[in-house]
Amino acid sequence: MEIERKLEILSSSAKFDVACSPGTSDRKNKNVIDSTNIAGIYHSWSSTGKCFSLLKVLFSNACIYNCAYCINRRSNNIPRATFTVNELVNLTMNFYKKGYIDGLFLSSAVIKNPDFTMEQLINVAKKLRMEENFKGYIHLKIIPGADEKLVEEAGFYANRVSVNVELPTAKSLKLLAPEKNPDSIQKPLILSSKKHLETISHAKKFKHVKIFSPDGQTTQLIVGATSESDKKIMLLANKLYKNYKLKRVYYSAYIAVNKDKRLPPTSESITRENRLYQADFLIRKYNFTVEELFEKTENLDLRIDPKTKWALEHPEFFPIEINKASYDELIRIPGIGIKSAKKILLARKVHALNFDDLKKIGIALKRAQYFITCNGKKYNKNKDLMPLFSFDFTNKVKDFNTFYSHQLLFFNL
Ligand code: SF4
């Protein structure tokens, strides 16, 4: 089979894996051509906001397993392809030298067995690093069930590794992917986290210690293929962050690609995926707890973002006086993010802030105005809107439902 055809098949098979936002990279020599029209090249954003192009492919899509939700499962009649190590190395180097890509995101279906598959991925990364002197980014997928020694080796060639948890509970795994077992997923998560922390600690004491997966590890959870609630998914994500020091948990709305009576007939809404990302961000960066976001419900509200929802359900917390609020209070205000809160604290050192100052700082007053006062005053520039939102925070519970429904109307939800 022609290499172009293999690339077409194996990049198309890889598009369902979302756990690939890179951490950092030093690549400066980026060609300005738009490489998105080349099969397999995806743009992604790093944790520092830089845009990266990655060649995102599977080594093979000829899977021996038959996970119900997966396009590559063995019972599907789809075009199959497998790269050779040399083919994939040459392809990567070719794109890299032309400036099309900053790195490689490499995963694979399970061919022959987990060890054999993992060896192929390692061989690609090893050849790129040791023979081709490839300095780009490498994200390697760890194949559940692969031997510990192979997992360790993978982490020394890759910038980042990931093990896909995919299904949120052992029961769901048994239902939809009975050939995998929870242990084979958990073991590499534990090992990768241990090796990463261990090598970081050694590097502080000794020179030339190679860090295992320097950009840490990530995972992906499929949302909506099984019945777990958002709360259950967020509790799991929280546990993964804490126990295995994951850099990111990626949420992937279930896409109905197979007909199978164990699966929902239609795809999960992308809005649910977005709400989970928002909740994840609030927990990681805004000091919210899972319990706070799910006080009254098991699922996030699809109509409104979780921060605004929390604010609307906690009128006792508002309005917040901008000139007195702590950092933790400021970041709970809808429309005020981490950067804005820091700017407010800095500007406040010079003089008390009014609404014009907030606008200059770049605060989204459209959203924040209902939750704040400046020098004891509410915002009243927009006379048309104010009567609708003249919520009396001292009369909390009585007016809350009206206020809440008005807010939903305002945000066109
Ligand atoms: S192991 Fe399961 S999820 Fe992975 S490629 Fe094979 S069938 Fe798909």
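The model is predicted, so local features need pLDDT of at least 70, side-chain atom pairs count only at pLDDT 80 or more, and totals for chains, interfaces and linings use all residues. Residues are numbered from 1 along each chain as its sequence is written, and side-chain values use heavy atoms, with hydrogens and water left out.

A search of the whole structure returns four cavities of 30 Å³ or more. On a 1 Å grid over the protein atoms alone, a cavity is a set of points where a 1.4 Å probe fits but cannot get out; lining residues have an atom within 4 Å of a point. Volume is the space filled by probe spheres set on the points, which are joined across faces, edges and corners.

The largest cavity holds about 630 Å³. Its lining has 33 residues, with Y69, C70, N164, E166 and K180 nearest the centre. Elements giving two or more residues to this lining are α1 (3–14), β6 (217–223) and β7 (248–253). Helices (H or I, at least four residues) and strands (E, at least two) are DSSP runs, numbered from the N terminus. By class, the lining has 20 nonpolar, eight polar and five charged residues. Here Ala, Val, Leu, Ile, Met, Phe, Trp, Tyr, Cys and Pro count as nonpolar, Asp, Glu, Lys and Arg as charged, and the others, Gly among them, as polar.

The ligand takes up the largest cavity. A molecule sits in a cavity or pocket if more than half of its atoms lie within 2 Å of its grid points. Around the ligand are C63, Y65, C67, C70, R73, A109 and K180, where near means a heavy atom within 4 Å. This shell has five nonpolar, no polar and two charged residues.

Next comes the second largest cavity, at about 120 Å³. It is lined by 15 residues, and L293, T297, L300, K309 and E313 lie nearest its centre. α9 (290–293) and α10 (306–313) each give two or more residues. The largest share, four residues, comes from α10. This lining divides into six nonpolar, two polar and seven charged residues.

Now the open space. A pocket is an open set with protein on both sides within 12 Å along at least five of seven lines. The second largest pocket has a volume of about 370 Å³. Of its 16 lining residues, V165, P168, L236, K239 and L240 are closest to the centre. α5 (170–176), α6 (182–205) and α7 (230–244) give two or more residues each. α7 gives the most, with six. The pocket lining has eleven nonpolar, three polar and two charged residues.
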